[in-house]
Amino acid sequence: EAWLGREWMHEPFLNNGKVQATNGHILVQLDSSDMEIVDALVVPQKHLDKIASWLTDNFADSRKHDWRPLPDLPDFNPCGGCAGSGKLEYGDVCGNCDGYGERFLRIPFGNTGFCIRYLRLLSSFDGVQMDPDGENPCAFKFNGGIGLLMPMRDNK
């Protein structure tokens, strides 16, 4: 519910000539701005400035990166509430998996771990490399862009 007030996160947007998209957990920036962007979408400048600073800080030339390929991912594990469809019988989004269709799972990686849903998303990109950094946002790169992914806490 809290994210519903963040209309600027509902669609990709332009920032410094690059296409960006985020939901607050993952941020992706594409090298090309050939994508059609909704003209009516207005992103507050303070958010654009903050996103630019996150990317600058995490991809600075002086920063030492330990780039690693994505970890091996387990087979798809369907949500018990929707049998993997992401929707309930009457068409609403499944509340157990938030419409993703798969059970939540933390995948340990490096010195941290990440939610399976975002690692599956990243696995759809070519040449993904990640730099896990504990509880800090994880820089990642792929053929055609860069991004940041928030780690998932271990609730042990």
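This is a tour of a predicted model, one selection at a time.

**The whole chain**

Start with the chain in cartoon view. It holds two helices and nine strands, in the order β-β-β-α-β-β-β-α-β-β-β from the N terminus on. Colour by accessibility next: of the 156 residues in the chain, 34% are buried. Where contacts join residues at least 6 apart in sequence, 50% of them link residues at least 24 apart.

**The β7, β8 and β9 strands**

Select β7 (129–131) and β8 (138–142). These two strands run antiparallel and are joined by three bridges.

Phenylalanine 140 stands opposite glycine 147 of β9. This hairpin has two residues between its strands, and glycine 144 in the turn has a positive phi of about 115°.

Is β8 enclosed or open to the outside? Four of its five residues are buried, so β8 is largely enclosed by the rest of the structure. Cysteine 138 is a residue to check here, buried with a relative accessible area of 0%.

**Aspartate 131**

Go back to strand β7 and select aspartate 131. Aspartate 131 counts as buried because its relative accessibility is 5%, and the cut-off for buried is under 20%. Show its side chain: it reaches the backbone nitrogen of aspartate 66 at 3.3 Å. Leaving out residues up to four places away in sequence, aspartate 131 touches Arg63, Lys64, His65, Asp66, Trp67, Cys138 and Ala139.

**The salt bridges**

How many salt bridges are there? The count comes to four, and three of them are worth a stop here.

- Select aspartate 66 again, this time with arginine 68: their side chains meet in a salt bridge, N to O at 2.9 Å. Both ends are partly exposed, arginine 68 at 30% relative accessibility and aspartate 66 at 41%.
- Select arginine 106 and aspartate 154, a salt bridge whose closest N and O atoms are 4.0 Å apart. Arginine 106 is partly exposed at 22% relative accessible area, and aspartate 154 is partly exposed at 41%.
- Select arginine 153 and glutamate 135, which form a salt bridge with the closest N and O atoms 3.6 Å apart. Arginine 153 is in the segment after β9 and glutamate 135 in the loop between β7 and β8, so the pair ties together parts 18 residues apart in sequence. Arginine 153 and glutamate 135 are both exposed.

Nonpolar side chains in soluble globular proteins tend to be buried together. To look at this here, select Ile26, Phe114, Leu119, Leu122, Met130, Phe140 and Leu149; these touch the most other members of the largest nonpolar core, which has 17 residues. The elements giving two or more residues to this core are β3 (26–30), β5, β6 (112–115), α2 (116–123) and β8. Which element gives the largest share? That is α2, with four residues.

Centre the view on leucine 149. Apart from its neighbours within four places in sequence, leucine 149 is in contact with His25, Ile26, Phe114, Tyr118, Leu119, Leu122, Met130, Pro137, Cys138 and Phe140. Then look for a second, separate core of ten residues, which includes Phe13, Val43, Ile51 and Leu148.

**The cysteines**

The last stop is the cysteine sulfurs. How many disulfides does the structure hold? There are zero. Select cysteine 97 and cysteine 82: the sulfur of cysteine 82 is the nearest cysteine sulfur to cysteine 97, at 3.8 Å, and cysteine 97 is in no disulfide. The pair does not count because the cut-off for a disulfide is sulfur atoms within 2.5 Å. Cysteine 97 is buried, with a relative accessible area of 0%.

How values were computed: Residues are numbered from 1 along each chain as its sequence is written. This is a predicted model: local features need pLDDT of at least 70, side-chain atom pairs count only at pLDDT 80 or more; totals for chains, interfaces and linings use all residues. Side-chain values use heavy atoms; hydrogens and water are left out. Buried means under 20% relative accessible area, exposed over 50%, partly exposed in between (1.4 Å probe, protein chains only). A polar contact is a pair of N or O atoms within 3.5 Å; within protein, one must be able to donate a hydrogen and the other to accept it, and residues adjacent in sequence count only if both atoms are side-chain atoms. Contact means heavy atoms within 4.5 Å. A nonpolar core is a set of buried Ala, Val, Leu, Ile, Met, Phe, Trp, Tyr and Cys residues joined through side-chain atoms within 4.5 Å. Two strands pair if DSSP finds at least two bridges between them.
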